[in-house]
Amino acid sequence: MNNSGLAVEVSKDRNGTDQILLRNPRGASAKVSLHGGQVLSWRTDRGEELLFTSSKAIFKPPYAVRGGIPICFPQFGQRGSLEQHGFARNRTWIIDENPPPLHANDACGKAYIDLLLKPSEDDLKIWPHSFEFRLRVNLTADGNLSLISRIRNINCKPFSFSIAYHTYFSISDISEVRVEGLETLDYLDNLYQRERFTEQGDALTFESEVDRVYLGSRDAIAIFDHERKRTFFIKKEGLPDVGVWNPWEKKSKAMVDFGDEEYKQMLCVNGAAVEKPITLKPGEEWTGRLELSVVPSS
């Protein structure tokens, strides 16, 4: 479960759900809940929180926590018959004490935890496919955060799924932020019935509600926060699409687990596989990887 010299602590939250605190020698940390297999916190070695969580977030199952990094599986959004964003973010995961080996570099010098989700009988009634979803959350010596997902079909027939790491980044002010790496890409706009458009700007900036899925993106995206003078870098593998979401004022006021003005302090940028669902034959496994880092910028 861990590498020597790096801290991995298991405790319980106020609802009795296990959560895992990862800490590196410099003092950077990440907190992961077994509710949803969800990263709830990612802090620098100065204690600065990098992920947004709403002050009105509901931490009690079966609700998904509004913030951190919810995992959308096996459905993204309302693109299917399941509940919004699928059920993985609302289920209780377990610690995987004996996971199949990953590449040695995925453990060396990192504090990490391995989690596992299998479908319950109730899950199989609404989505009749047997799977094993293994998640490793890594915190590196440099304070970078990575999530590695391995999804295996243990069914006797193929199935298809969508997936997204619905990452809520903490920002100074939505009007002071720009996203680079999406220029010239086609995107599906959820505010216009998923109509397809092409990004025209050199960088994406925000003046109103945004709810888009950019298609076939490059594997590196940057979020520049001018006021806080820092840049988030998002690297991804196996996740060709990028979701970008900010609810803006009107939608914020309609959400019970979100503050009226909190849209100003958050931006979701998601590594995802949405447009072309992933299909696994019996016994096949898919691997996807998201790596997050932050650096000072001038």
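**Close-up views of a predicted model**

**View 1. Strand 20 and the second largest pocket.** Strand 20 gives the largest share of the lining of the second largest pocket, three residues. The model shown here is predicted. Strand 20 spans residues 285-296, and strand 4 (38-43) also supplies at least two residues of this lining. The pocket holds about 290 Å³ of space. Its lining has 20 residues; closest to the centre are Thr44, Asp45, Arg46, Val294 and Pro296. By class, seven lining residues are nonpolar, four are polar and nine are charged.

View 2. Salt bridges link Asp45, Arg46, Glu48 and Arg230 in a network. Within it, Arg46 pairs with Glu48, with the closest N and O atoms 3.3 Å apart. Arg46 is exposed, at a relative accessible area of 65%. Glu48 is partly exposed, at 29% relative accessibility.

**View 3. The largest pocket.** This pocket has a volume of about 660 Å³. It is lined by 30 residues, and Gly77, Gln84, His85, Asp211 and Trp245 are the closest to its centre. Strand 15 (210-214) and strand 18 (241-246) each supply at least two lining residues. Strand 18 provides the largest share, three residues. The lining counts 13 nonpolar, nine polar and eight charged residues.

**View 4. The largest nonpolar core around Phe206.** The core has 72 residues, and Phe133, Phe161, Phe206 and Leu267 have the most contacts inside it. Strand 19 (residues 266-280) contributes the largest share, seven residues. Beyond its neighbours within four places in sequence, Phe206 is in contact with Ile174, Ser175, Val177, Val179, Val244, Trp248 and Leu267.

View 5. The structure holds 24 salt bridges. One of them joins Arg26 and Asp142, whose closest N and O atoms are 3.9 Å apart. Arg26 lies in the loop between strand 2 (18-23) and strand 3 (29-33), and Asp142 in the loop between strand 8 (131-140) and strand 9 (145-153), so the pair ties together parts 116 residues apart in sequence. Arg26 is exposed, at 54% relative accessibility. Asp142 is exposed too, at 56%.

**View 6. A buried salt bridge, Asp96 to Arg134.** The two side chains meet at 2.7 Å, N to O. Asp96 sits in the loop between strand 6 (94-95) and strand 7 (110-117), and Arg134 in strand 8, so their pairing ties together parts 38 residues apart in sequence. Both Asp96 and Arg134 are buried.

Note on methods
Residues are numbered from 1 along each chain as its sequence is written. This is a predicted model: local features need pLDDT of at least 70, side-chain atom pairs count only at pLDDT 80 or more; totals for chains, interfaces and linings use all residues. Side-chain values use heavy atoms; hydrogens and water are left out. A nonpolar core is a set of buried Ala, Val, Leu, Ile, Met, Phe, Trp, Tyr and Cys residues joined through side-chain atoms within 4.5 Å. Buried means under 20% relative accessible area, exposed over 50%, partly exposed in between (1.4 Å probe, protein chains only). Helices (H or I, at least four residues) and strands (E, at least two) are DSSP runs, numbered from the N terminus. Contact means heavy atoms within 4.5 Å. On a 1 Å grid over the protein atoms alone, a cavity is a set of points where a 1.4 Å probe fits but cannot get out, and a pocket is an open set with protein on both sides within 12 Å along at least five of seven lines; lining residues have an atom within 4 Å of a point. Grid points are joined across faces, edges and corners, and a volume is the space filled by probe spheres set on the points. Ala, Val, Leu, Ile, Met, Phe, Trp, Tyr, Cys and Pro count as nonpolar, Asp, Glu, Lys and Arg as charged, and the others, Gly among them, as polar. A salt bridge is a side-chain nitrogen of Lys or Arg within 4 Å of a carboxyl oxygen of Asp or Glu.
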